[in-house]
Amino acid sequence: MTLVRSDSGFWPRESLLRLLAYAVWPPTEERALAVLADGSAAGAVSLYLAADGKDLAGLLRMRRTGRRSAEITHIAVVPERRRGGLGRAMIEELLQLERLDEVVAETDGDAVGFYRRCGFDVHSLGEQYPGVERFRCALRRRGQPAWASSGAKDGP
Ligand SMILES: CC(C)(COP(=O)(O)OP(=O)(O)OC[C@H]1O[C@@H](n2cnc3c(N)ncnc32)[C@H](O)[C@@H]1OP(=O)(O)O)[C@@H](O)C(=O)NCCC(=O)NCCS
């Protein structure tokens, strides 16, 4: 799996919107389109895509919140590839590519188990909408990051 920024290759917009729709509410391509448009206006937002051959397999959208920190605003894997390690691999690769020490995400009960399994600390934000509990998830990188000893320059 290679995670690439969405601006570094061509991807059919329909498959991108279909995939992003799994991670937005309501889960529609219209809402996904609005999210994408919002991101293109904000410089701190990046969209990463994971390819499976020539097919789109996963996406991760993030907003940088500090020099070494970011928020995952959206993450999605195509249904037929779920539970195969792609979601975790995308997060691990994001830490490397963006040289992050800390990543946070907010989610609901459906995906909180995923973040827990990926090593995030989870705390409940309570019932944010009627019948919907939300969670704040935070991952802090422990130990020396791989990129720190590579001689690479500071910053992404
Ligand atoms: C959440 C999502 C991105 C996870 O991707 P994935 O590729 O299936 O995740 P992985 O296979 O890397 O899973 C990593 C670990 O989390 C576990 N896991 C994955 N999804 C889980 C879930 N919904 N609940 C509990 N555990 C989960 C996996 O079993 C695996 O466990 P392991 O440590 O025993 O190996 C994917 O299910 C998805 O696209 N969901 C729809 C969109 C969504 O809900 N996005 C998040 C909110 S924006």
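Predicted model: local features only at pLDDT ≥ 70, side-chain atom pairs only at ≥ 80, totals over all residues.

Visitor: Let me begin with the layout, then: how many helices and strands does the chain have, and what pattern do they follow along the sequence?

Guide: The chain has 4 helices and 7 strands, and when they are read along the sequence they give the pattern β-α-α-β-β-β-α-β-α-β-β. Of the 156 residues in the chain, 22% are buried. Among contacts between residues at least 6 apart in sequence, 52% join residues that are at least 24 apart.

Visitor: Which way do β2 and β3 run when they pair, parallel or antiparallel?

Guide: β2 and β3 pair in the antiparallel sense, and 8 bridges hold the pairing. One of the places to look is Y48, whose bridge partner in β3 is L60. The two strands belong to a hairpin with 2 residues between them, in which G53 takes a positive phi near 65 degrees.

Visitor: Is V45 buried, exposed or something in between, and why?

Guide: The count of neighbours decides this, with 20 or more other C-beta atoms within 10 Å needed for a buried residue and 12 or fewer for an exposed one. V45 is partly exposed because 18 other C-beta atoms lie within 10 Å.

Visitor: What joins β3 to β4, and how do these strands run?

Guide: β3 and β4 run antiparallel and are joined by 8 bridges, and they too form a hairpin, with 2 residues between the strands. Within this pairing, R64 has A70 as its bridge partner in β4, while the partner of G66 in β4 is S69.

Visitor: In what sense does β4 pair with β5, parallel or antiparallel?

Guide: β4 and β5 pair in the parallel sense over 4 bridges, and E71 has V104 as its bridge partner in β5. To get from β4 to β5 the chain passes through α3, and this β-α-β crossover is right-handed.

Visitor: Turning to the ligand, which residues around it come nearest?

Guide: The ligand has 20 residues around it, of which R82, G87, R88, G113 and R117 come nearest. The elements that give two or more residues to this shell are β4, α3 and α4, and the largest share, 4 residues, comes from β4. By kind, the residues of the shell divide into 9 nonpolar, 6 polar and 5 charged.

Visitor: Finally, what should I look for in the backbone itself?

Guide: Most residues other than glycine have a negative phi, and most peptide bonds are trans, and with that in mind a few places deserve a careful look. The peptide bond from W25 to P26 is cis, with omega near -5 degrees, and P26 is found in the loop between α1 and α2.

Visitor: And where does R83 lie, and is this residue buried or exposed?

Guide: R83 lies in the loop between β4 and α3, and its phi is positive, near 65 degrees, in a residue other than glycine. R83 is exposed because it has 9 other C-beta atoms within 10 Å. R99, which is not a glycine either, has a positive phi of about 55 degrees and is placed in the loop between α3 and β5. With 19 other C-beta atoms within 10 Å, R99 is partly exposed.

Terms used
Residues numbered from 1 in each chain as written. Pairing = 2+ DSSP bridges. Near = placed C-beta within 6 Å. Nonpolar A, V, L, I, M, F, W, Y, C, P; charged D, E, K, R; others polar. Contact = placed C-beta atoms within 7 Å. Right-handed = clockwise from strand over helix to strand, strands pointing away.
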